[in-house]
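I have put my reading into a few numbered points, to go through with the model open beside you.

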Amino acid sequence: MPKTSFIFAIHFHQPVGQLRHVLDRVQRNSYELLLRVMRDFPEMHFTLHFSGPLLLYWREYYPDFLSRLVDYVKKGNVEVLGGTFSEAALPILPSEDRVKQLKMGRELVEEVFGVEPRGAWLPERVWDPTLPVALREAGYEYVILDDEVGYRAGLWKGDVHRAQLTEYSGVRSGVFFIDAPIRYILPWRTQEEVFDYLKGFATESGEQYVLWGSDAEKFGEWWDPAPAEAWLRRFLDMLRHAVDVELLTPSEYLRRFGYQGPVYLYPGSYDKMMEWSGGYFPNFVRKYRESNNMHKKMLYVKEKLEQLEAPGEAWLEYVTGQCNDAYWHGLFGGIYLAHLRQAVYEHFIRAERVAEERRGTLDVASRIIETDFDYDGRKEVLVETRRANYYIKPDDGGTLFELDVKEPGDEYNLVNTMSRYGEPYLSGVAWYRPDWYRRVSFREHIWRSGAGIWDWLNNTPFVDVSDFALGRYILEDYGEGFVRLVYTGRDWSDHENPKRILLVKTYRFSLDGSVLEVEYRWRNMENSKIKPRLSVELTLTPRLSYESGEIPWYTVDGEFNKNVREHHVSPWSRSVVLHSQAFRDVFVENEKHAALWVAPIETLSRTEKGLRREYQALGIVFIHEVELEPGESFSTKIKVGW
Amino acid sequence: MAVKSVWMLTFEARPIVKVGGLGEVPPNLAASLVKKGVEAVIVMPSHAPAGLRGEEKRAEVDIGGTRVIVGYREWRGVKYVLFSGGPLDDPRVYAEDTMMDKVALLAKALGWLLLNYEKLGLARPDVIHFHDWHSVIALLKARRELADKGWRPGLVYHIHLLVEKRVEPSLIARAGVEEDFRHRVRLGGRVLEVTVRDAIGMARGIAERLGAIESDVFVTVSRTYLREDRDGVLNRLGWDLEEKSGVIYNGTDWRYRDAMEEVLKRHGNALAKFTGKRDGYTRHDLRRYFLLQALGNMPGAEPRQLDKELFKKIQEWLAPPFKPNGKVEPFETDGPLVITTGRLSRQKGIDVLAEAVPRVVEELGNVKFVFLVLPVWGGEEYARQLAELTKDYPYNVRTVFGIAPSIYRLAHLSADVFAAPSRWEPFGIMALEAMVTGNPVVASAVGGLKEIVLDIRRHGLEGTGLHVSPGDPYELADAIRDMAAFMEASRTGDLDRYMPKIGEAKLRSLLEEIVDAGEIIRKNAVERVEKKFTWDNAADMALEVYERSVASKL
């Protein structure tokens, strides 16, 4: 009788930096559900993948669940897949890291379950044709990809329902393809419809398989647990009794049918991912400067760890920071989740700190490095002290785009901000204007007379009448404890007759403390008087608590308390203090009084219930309205301390 | 035959009037000849009414209806015969409207002098040395005047800058030389008997070619300018002149020690106060003093303007960091210093350098550029470009329009790099001044600059600078950045900071070998000038040429 081989591969994953209450919920709604059901069907040959971060969460927070899971795996007929250690998207990793991730992923599975995985689950199934080398080096025989990748390479339907062999540089790798249509019907339609679909692939030998490979959270988290459980139990019960559909694991399938080949596959992933990424996963790094920032921090830290011959502890932090979720965005979350970005930075900063401490490299007061950190062809300035890193981008308005606190246990980036981008799903929102500059810190503007907080926040066009914000500042000099930038910008209020203004902006770093001071001097370089509204914008991220979920709050001038989702306008202020449960107070203090705007930088995300505002960071703007005679200067200092 | 007496004909000479580099050559060359026992006489218009150039009146004659005063003075042993009167009184040395009148009258005045030199107590010349196209008519006049006198000196024609000036036969006629005056010339290895009309035809109406044809030997200021430059002498005037061509380098009378003494004399007290030292100033002390103080403290009349009208126009574009009257604010910070000097003409390529500046600044933010430039009419746009650049980069650029003697040598002794971005440059005395004060020179690979500057990429630690293609701001920016970073790396020893900014592998490897490479390059530069590009050497070259001219005269 003709039959279809069915491979049911369930992928369990929670990102590095997940909030505790989310973990609890998913654990309760989904993972407990699945284990319960699987234990009730011990004879079923499931294929299971557990991501490294999730295994580590289970170890730390849900050890009882983990021990029940291990028991089940040891007794059951399941095949456990390996993969990467921190669910890292391999194509954006340096080649040695690909191997490291895959090996560590394998070792973790072996250590937890005592089984040797043969196959690898690729994070987001992002394929790159050079991967066979790393896969083989890490001891994997095959990978699970999407049929989309096969179709794009010119394979036929029959080809993507059989195991194929590919090779790169003479190194082989087996490939199984996830069937896209079944992902859209299982578990969303009736069990009968699923079976009807499966039977469509029946052959006498059963050598055509249908592979369902998707998220475990589809059972219990994406829809209500009770109906999800009922659906799954009925489906498994029908499967148990089916004669024309046989549940196999990939290894069982291979034992019977082996491979075909060869096939050659373009870089790619599942259909939606191809759409979001514009066809190529590394495009996310290009699209989001914040993704690029994290990615290049990764590359920078890697080089540092290698140079310092860092201990294993540092490397563990480093690979943990490679978890893919914070580096991209499809429809939901991803890079737009501040806590995920926060965690990525924390791990990289910790890796860096551990390595530096171990080697004593920062016993010198500070190190200042000019390097093209972000790979844009221009140099950034990285200032490293024992207690903090300050990353400055001269050619982007001389801004501070990363401020790493490096204190043990408190590693975090105070400028872990997110800019607002044009997303396809926001194209219909008429009032939405993406940010025209990266929302980082110490960016200068001159506001048109009458411009207010909402103009700033919502990017009203042409309210900044100067060219400072995106100016290519000159890195004039640097030395022990300072970096000086200069820029001659123009106030274009009078288009016919723009006014030159020289800005000298000096970052001063306390070498052993935790204060950054930025000295400002604007000078009228014209032979006539000018009246600009000189302004400095900071965007900072009070640290988020993974445990409490409580949102941070701030105090203006010691008297006005607000939470970070509220705005504040003042005609005459000097200080803002940021409070969070997860870190001590961070103060922002202007030497001189100024008008002040404070507001949350929020992104818009789409949900089933419509658009939702997602808090990203807190924006703070000081505005000095001044009159300057020819050659006259206005100076102030703004401090950030913690 | 030993040459004992030489006359030089020129339109400018430093003690009388100087507009460009030419003004340095006759007086310095002549003074060195005097030291070698030759009587040297410079004959030129005074470009001022009689008596204003420190000369005494020796004669008053009517030359073709113009009352010409013959003046006389001496300077550094050289005798100056100055003609004034009529158009020769016009102080605008090269003013178009009086130029041809001056040229014709100077020729006639020379004719008079050839017949009356004894009255002025001068010896009969063995050689007459004619400088640039303005003296070509006088050269013909000398031939005409002495045609039947039974003696004639060797005639040497000297091209400093080829402008391919057109000469009309009428101009020659105005000097009293008939079109059908028959005489013999040498060209292409043959001796020809020609009329003036024929000669003009053979010269294609070009003054400099005519001068070369009519002279016994003609010279220019560098081999490259003579033979290699696309717009150089033989490539433009014709290779049939090759056999009678020669080279006389320019020189400089600047010496490192003299320059330093002069600076200490002028700035010693202020320098002591600024540095807190009594002596033993390092070059870096001088740089800091120059940038942070002296540059902003030019005395009352400086910078001096040669043309008030022109400066009035330029002043409209000035705002901070310019101060009133073309003075400038000092810099607020120290940094590797690049200087350049010269007229604001297209030839000097200052606009190319201005275009290169932002590119250098972007990669070497502490670099300082000081432009010491002389505005000239026709170069207003260049002046404007520099004014804008200075205002846009107040931490990196200063421009001094006009003459500023108080800081000129100080700037040279403070600098780390000299930029010579000329589009063409027959010789390039500014490169000598720069090198003798210890600066590597980033120079266009043209004319004399190609011979003066030894490219470090080729000569290693014996080099004195870098060559770049003329007119290319990108290449110029790279070379200046490399050279400035190299010098600063060498001075500070901070290779981590400066080495990555040096694009040229050869420079990096030199620094890796010897951190003091910068100091070695400075020494090479000084020594090369003091050994090879002195006026004494130039005088030796001239004497060889003079002897050749006497030997080959027809």
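Predicted model: local features only at pLDDT ≥ 70, side-chain atom pairs only at ≥ 80, totals over all residues.

1. Let's begin with how chain A is divided. It has three parts: domain 1 covers 4-276, domain 2 covers 282-363 and domain 3 covers 364-641. Between the C-alpha centres of domain 2 of chain A and domain 3 of chain A there are 23 Å. Where these two meet, domain 2 of chain A brings 22 residues and domain 3 of chain A brings 30 residues.

2. Which elements of chain A give two or more residues to the side of domain 2 that touches domain 3? They are the helices α13 (289-307) and α15 (338-359) of chain A. Of these, α15(A) supplies the largest share, nine residues. By class, this side of domain 2 of chain A holds 10 nonpolar, four polar and eight charged residues.

3. Strand β1 (residues 4-12) of chain A runs parallel to β2(A), and four bridges join the two. One pair to look for is A:I10 with its bridge partner A:L48 in β2(A). On the way from β1(A) to β2(A) the chain passes through helix α1 (residues 20-40) of chain A, giving a right-handed β-α-β crossover.

4. Strand β2 of chain A also pairs with strand β3 (residues 79-83) of chain A; the two are parallel and share three bridges. Here A:H49 has A:L81 of β3(A) as its bridge partner. As for the side chains of β2 (residues 47-50) of chain A, A:T47 and A:H49 point one way while A:L48 and A:F50 point the other way. Are these four residues buried or exposed? All are buried, on both faces of the strand.

5. Further along chain A you will find an open sheet of five strands, ordered β11-β12-β13-β14-β15, with antiparallel pairing. Its edges are β11 (366-371) and β15 (412-413) of chain A, each of which pairs on one side only. Inside the sheet, β12 (residues 380-385) of chain A and β13 (residues 388-393) of chain A are antiparallel and linked by four bridges. For a landmark, take A:L382, whose bridge partner in β13(A) is A:Y391.

6. Now to the place where the chains meet. How many residues does each chain bring to the contact? Chain A brings 12 residues and chain B brings 13 residues. On the chain A side, the elements that give two or more residues are the strands β17 (474-479), β18 (482-491) and β19 (499-509). The largest share, four residues, belongs to β17(A). Sorted by class, the chain A side has five nonpolar, three polar and four charged residues.

7. Turning to chain B, the element count is 22 helices and 17 strands. Its C-alpha trace spans about 75 × 45 × 40 Å along the principal axes. A compact globule of 554 residues would have a radius of gyration near 24 Å, and the 24 Å of chain B agrees with that. Buried residues account for 55% of the 554 residues of chain B. Among the contacts in chain B with a separation of 6 or more, 72% link residues 24 or more positions apart.

8. Chain B splits into domain 1 (5-251 + 536-552) and domain 2 (256-533), so please note the two segments given for domain 1. The centres of these two domains of chain B, taken over C-alpha atoms, are 35 Å apart. Their contact takes 17 residues from domain 1 of chain B and 12 residues from domain 2 of chain B. On the domain 1 side, helix α7 (residues 223-228) of chain B gives the largest share, three residues. That side of domain 1 of chain B has four nonpolar, nine polar and four charged residues.

Terms used
Residues numbered from 1 in each chain as written. Chains lettered and ligands numbered in written order. Rg over C-alpha atoms; globule rule 2.2 N^0.38 Å. Buried ≥ 20, exposed ≤ 12 C-beta atoms within 10 Å, placed from the backbone. Contact = placed C-beta atoms within 7 Å. Nonpolar A, V, L, I, M, F, W, Y, C, P; charged D, E, K, R; others polar. Pairing = 2+ DSSP bridges. Right-handed = clockwise from strand over helix to strand, strands pointing away.
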